[in-house]
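Subject: Structure handover and notes

Hello,

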Amino acid sequence: MIRSELIQKIADENPHLYQRDVERIVNTIFDEVIEAMARGDRVELRGFGAFSVKKRDARIGRNPRTGESVQVEEKHVPFFKTGKLLRDRLNGKS
Amino acid sequence: MTKTLTRMDLSEAVFREVGLSRNESAQLVESVLNHMSDALADGESVKISSFGTFSVRDKAARVGRNPKTGQEVPILPRRVLTFRPSHLMKDRVADGNKG
């Protein structure tokens, strides 16, 4: 399923909404999650999962082609942990 | 200080952005999560451009070990969900948390 298919499903269920509003609604939800993580916040959606930010320490990396050492700065990366209910559903438990 | 957002914060954002009732905004957030969960439970991947891709992977059975007792326990084959963030998400998270 891709973003446009998700939007279409929501639009089909809500015939009283304009398609363009459904697009804004869906986009707002995803943008809000990104903005929260950009501030360093977590987004916890019970049953679905939680988005959080993990810190990666600075390290000495290596250019795999030349073998040269390079300093890699500390950075923050997005992380998603699947919620229990969804994990169970994937395995046909509920 | 790290804050934790919930469904409430997402529906509040929808409420501010589109001007539907709070109740309807909350229902729409729920429908989005439900449609995504349904697709994933069917084994489909969910690709949200400029956000990321959720995909379902099959894990083979293996012998695990209880780290406390050292006892061997069989781990059955199972399906797990992986999330691969988009470049946009990675860049915004990296930039926003710099320094």
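Which element gives the most to the lining of the largest pocket? Strand S5 of chain A does, with six residues. Please bear in mind throughout that this is a predicted model.

The largest pocket

The volume of this pocket is about 340 Å³. Its lining is made up of 14 residues, and those nearest the centre are Phe79(A), Phe80(A), Lys81(A), Leu81(B) and Phe83(B). Two elements give two or more residues to this lining: S5 of chain A and strand S6 (78–85) of chain B. Sorted by class, the lining of the largest pocket holds eight nonpolar, two polar and four charged residues.

The second largest pocket

Here the volume is about 160 Å³. The second largest pocket also has a lining of 14 residues, with Gly49(A), Ala50(A), Lys81(A), Thr82(A) and Gly83(A) nearest its centre. Two or more residues each come from strand S1 (42–45), strand S2 (49–56), S5 and H3, which are elements of chain A. The classes in the lining of the second largest pocket are three nonpolar, five polar and six charged residues.

Gly83(A)

One residue from the second list deserves a separate note. Gly83(A) sits in the loop that joins strand S5 (75–82) to helix H3 (84–90) in chain A. Is Gly83(A) buried or exposed? Its relative accessible area is 12%, under the 20% cut-off, so Gly83(A) counts as buried. Beyond its neighbours within four places in sequence, Gly83(A) has contacts with Gly47(A), Phe48(A) and Gly49(A). The C-alpha atom of Gly83(A) is 7.8 Å from that of Leu45(A), a residue 38 places away along the chain.

The contact between the chains

Chain B puts 51 residues into the contact and chain A puts in 44. About 4500 Å² is buried between the two chains, and carbon and sulfur atoms give 67% of that area. How many salt bridges are there between chain B and chain A? The count is two. A salt bridge joins the side chains of Arg89(A) and Asp38(B), at 2.9 Å from N to O.

Regards

Notes
Residues numbered from 1 in each chain as written. Chains lettered and ligands numbered in written order. Predicted model: local features only at pLDDT ≥ 70, side-chain atom pairs only at ≥ 80, totals over all residues. Heavy atoms only, no water. Helix = DSSP H or I, 4+ residues; strand = E, 2+ residues; numbered from the N terminus. Buried < 20%, exposed > 50% of the residue type's maximum accessible area, 1.4 Å probe, protein only. Contact = heavy atoms within 4.5 Å. 1 Å grid on protein atoms, 1.4 Å probe; cavity = no way out; pocket = protein on both sides within 12 Å on 5 of 7 lines; lining within 4 Å. Points joined across faces, edges and corners; volume = space filled by probe spheres on them. Nonpolar A, V, L, I, M, F, W, Y, C, P; charged D, E, K, R; others polar. Buried area = accessible area lost by both parts, 1.4 Å probe. Salt bridge = Lys/Arg side-chain N within 4 Å of Asp/Glu carboxyl O.
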